[in-house]
Amino acid sequence: MNNYLELKNLSKNYLGQKKLCVLKNINYKFKKGKIYSLVGPSGSGKSTLLNIISLIDRPSNGYLIFDNTKINFEDRNTNDKLRSNNFGIIYQEKNLLNDFTAEENIFLAAIANGKNEFESTKLSEKIIKSLKLANRSKHFPSQLSGGENQRIAIGRALINSPKIIIADEPSGNLDHQNAKEFFSLLFNLKSKDRIIIYATHNRYFANLADCRLQLINGKLKSTNGRR
Ligand SMILES: Nc1ncnc2c1ncn2[C@@H]1O[C@H](COP(=O)(O)OP(=O)(O)O)[C@@H](O)[C@H]1O
Ligand SMILES: [Mg+2]
């Protein structure tokens, strides 16, 4: 089945002085093998939606179906395992552990997922080479440029062969050239068994996706992507 990830009547409200309805009854099916971009004004709920999809936050109403299984948001342990086995997540910044080198950051993500040391070392070396960062592998995040940090973040997200890659404004702090390199690496990760979803403010990068999604007034709209 191609519909690997499904949002069913998904809503998210924040209860403050005034109730804020960020996501309103969203229904959507994400298909394996596709790359999705998510645009929308600041505050429209992009991060909220991506955090629910990554099982970090929970919806107020509705549910999520992942690989034919309805997610139980009460069951944190199962969801933490699901996330570490199946998701690669990249944020705008602060993706890396400051006290560890570039290579260690990638390596530790594999160790945390239960791989042994030998396998994790081999994998992280291979990935760091593929990111063209072998000569930076012993550097700490503070000694790397913003673009290099984000490429390492891709490596960290990639090491456990995730079924879903989520990137929340990953190029928000990069200049155009570095953002281009970042997206070129991200698009290389496209595969028939994987869903990639990224939020961006940049129309040029949004347009590269197979499917373009827009969050507006709490609704998710599909605008035409490449396919
Ligand atoms: N924990 C929270 N409590 C209350 N309001 C929140 C919380 N998180 C986000 N919001 C509000 O929800 C709206 C959507 O936020 P967000 O998902 O971060 O938007 P985006 O990523 O599109 O900029 C914003 O109005 C924000 O202030
Ligand atoms: Mg955001």
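I call a residue buried under 20% relative accessible area, exposed over 50% and partly exposed in between (1.4 Å probe, protein chains only). The model is predicted, so I kept to its limits: local features need pLDDT of at least 70, side-chain atom pairs count only at pLDDT 80 or more, and totals for chains, interfaces and linings use all residues. Residues are numbered from 1 along each chain as its sequence is written, chains are lettered from A and ligands numbered from 1 in the order in which they are written, and side-chain values use heavy atoms, without hydrogens and water.

Salt bridges. I counted a side-chain nitrogen of Lys or Arg within 4 Å of a carboxyl oxygen of Asp or Glu. The structure holds 11 of them. I looked up glutamate 125 and lysine 122, whose closest N and O atoms are 4.0 Å apart. Glutamate 125 is partly exposed at 32%, and lysine 122 is partly exposed at 45%. Next I took aspartate 210 and lysine 190, which meet at 2.8 Å, N to O. Aspartate 210 is buried at 0%, while lysine 190 is partly exposed at 29%.

Ligand 1. I looked for polar contacts to it (pairs of N or O atoms within 3.5 Å; within protein, one must be able to donate a hydrogen and the other to accept it, and residues adjacent in sequence count only if both atoms are side-chain atoms). A backbone N or O atom of glycine 43 lies 2.7 Å from a ligand oxygen. For threonine 48, I noted a polar side-chain atom 2.5 Å from an oxygen of ligand 1.
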